[in-house]
Amino acid sequence: MLMRTDPFRELDRMAQQLMGPGTWSRPSPMPMDAYREGDQYVVAFDVPGVSADAIDIDVERNMLTVKAERRPVAKADDVQMELSERPLGVFSRQIVLADTLDTEHIQADYDAGVLTLRIPIAERAKPRKISVGVGSGHREIAG
């Protein structure tokens, strides 16, 4: 038998049970980190216990949507559940992407329960040097 002593964790568990698992129409939020690494933005989502085929990534204009579904694990008939804290259901996150990002070349990797998206910065948004030409004549601005 397992024993816990954290009363706040118990309150969180009870609140989750009352609200029920996330559904496609009312998904639960998923935690994420976002940072810039060189010429790309990296967004990492925590989706442990989710198979890669249960992850859906969509980009429409500049809206990135990530949905994942954690399904119950099939159990044998003689298994009696003692404790169940891992949430099941649908998890989702939407991010508005800046126009300076190249949404055509997003890369997605899934490893050890972390979905990592790498979004390159668009060429038009990268700093560039502009050369100054010298005109054929000298102009004076009179005021």
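**View 1. The largest nonpolar core of the predicted model has 18 residues.** A nonpolar core is here a set of buried Ala, Val, Leu, Ile, Met, Phe, Trp, Tyr and Cys residues joined through side-chain atoms within 4.5 Å, where buried means under 20% relative accessible area, exposed over 50% and partly exposed in between, computed with a 1.4 Å probe on protein chains only. The residues with the most contacts inside this core are Met30, Phe45, Val47, Val66 and Leu115, and the elements that contribute two or more residues to the core are β3 (40-46), β5, β6 and β8. Strands are DSSP runs (E, at least two residues), numbered from the N terminus. Val47 touches Met30, Ile55, Ala68, Arg70, Tyr110, Gly113 and Leu115 when residues up to four places away in sequence are not counted, a contact being heavy atoms within 4.5 Å. In soluble globular proteins, nonpolar side chains tend to be buried together.

This is a predicted model, in which local features need pLDDT of at least 70 and side-chain atom pairs count only at pLDDT 80 or more, whereas totals for chains, interfaces and linings use all residues. Residues are numbered from 1 along each chain as its sequence is written, and side-chain values use heavy atoms, with hydrogens and water left out.

**View 2. Four strands form an open sheet of mixed pairing, in the order β1-β6-β5-β4.** Two strands pair if DSSP finds at least two bridges between them. The edge strands, each of which pairs on one side only, are β1 (28-29) and β4 (55-60). Strand β5 (residues 63-70) and strand β6 (residues 89-96) run antiparallel and are joined by eight bridges, and Leu64 stands opposite Ile95 in β6.

**View 3. Thr116 is a buried residue, at 17% relative accessibility.** Thr116 lies in strand β8 (residues 114-120). With neighbours within four places in sequence left aside, Thr116 is in contact with Val42, Val43, Ala44, Gln107, Ala108 and Asp109.

**View 4. The count of salt bridges comes to two.** A salt bridge is a side-chain nitrogen of Lys or Arg within 4 Å of a carboxyl oxygen of Asp or Glu. Arg118 is partly exposed at 22% relative accessibility, and Glu37 is partly exposed at 38%. The side chains of Arg71 and Glu69 also meet in a salt bridge (3.7 Å, N to O), with Arg71 partly exposed at 44% and Glu69 partly exposed at 23%.
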